[in-house]
Amino acid sequence: MAMIPSFLDNRRGTIFDPFTWEPFKDFPFPPSSLVSHENSAFVNTRIDWKETPEAHVFKADLPGLKKEEVKVEVEDDRVLQISGERNVEKEDKNDTWHRVERSSGKFLRRFRLPENARVDEVKASMENGVLTVTVPKEEVKKPDVKAIEISG
């Protein structure tokens, strides 16, 4: 007879939820082991890229960063590069860290822009921790259509 796993936690009389289970929450970790490594969530900063009829718009969530800590560049070969760095918070020996989830470290993202991007007119702004980079598009010229009379 096979054992069927029970999701009932008999100690607490509650149902075990595998999606919120934290296997290491009760283990003591020294503060230095929590703070010394970079959090990969920041290193892999998520960026949205949408195309509107007028422009390519990039949005990046960069909470806690100042605009002076972010760099937006366009390379000669039509590559948009967004980079920055958030430093690790200073560690005090009297502090007791219970959890470190805020991201720190460097990030660098690169995007090859399409031919219709006007790289000489790129604009960037930052508001409430969201970086917005707008790359205008060249106007699409509709071809002149000349009606030809059909003889016959």
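The model is predicted, so local features need pLDDT of at least 70, side-chain atom pairs count only at pLDDT 80 or more, and totals for chains, interfaces and linings use all residues. Residues are numbered from 1 along each chain as its sequence is written, and side-chain values use heavy atoms, with hydrogens and water left out.

**Exercise 1**

Work out where I82 lies, and whether I82 is buried or exposed.

*Solution.* Start with the secondary structure: I82 belongs to strand 6, residues 79–86. Strands here are DSSP runs of E with at least two residues, while helices are runs of H or I with at least four, and both are numbered from the N terminus.

Next, check the accessibility. I82 is buried, because its relative accessibility is 1%; buried means under 20% relative accessible area, exposed over 50%, and partly exposed in between, using a 1.4 Å probe and protein chains only.

Finally, list the contacts (heavy atoms within 4.5 Å). Apart from neighbours within four places in sequence, I82 is in contact with I47, K71, F107, L108, R109, L131 and V133. Take V133 from that list: 51 residues separate I82 and V133 in sequence, and their C-alpha atoms are 9.2 Å apart.

**Exercise 2**

Describe the surroundings of T132.

*Solution.* First locate the residue: T132 sits in strand 9, which covers residues 130–136. Last, find its partners: not counting residues up to four places away in sequence, T132 touches V57, F58, K59, K123, A124 and S125.

**Exercise 3**

How many salt bridges does the structure hold, and which parts of the chain does the K137 pair tie together?

*Solution.* Begin with the count: there are three salt bridges, each a side-chain nitrogen of Lys or Arg within 4 Å of a carboxyl oxygen of Asp or Glu.

Now take K137, which pairs with E51 at 2.7 Å between the closest N and O atoms. K137 lies in the segment after strand 9 and E51 in strand 3 (residues 47–51), so this pair ties together parts 86 residues apart in sequence. K137 is buried, with a relative accessible area of 12%.

Move on to E75 and R110, whose side chains meet at 3.0 Å, N to O. This pair links distant parts of the chain, with E75 in strand 5 (residues 70–75) and R110 in strand 7 (residues 105–112), 35 residues apart. E75 is partly exposed at 27% relative accessible area, and R110 is partly exposed at 45%.

Finish with E121 and R118, which meet at 2.8 Å, N to O.
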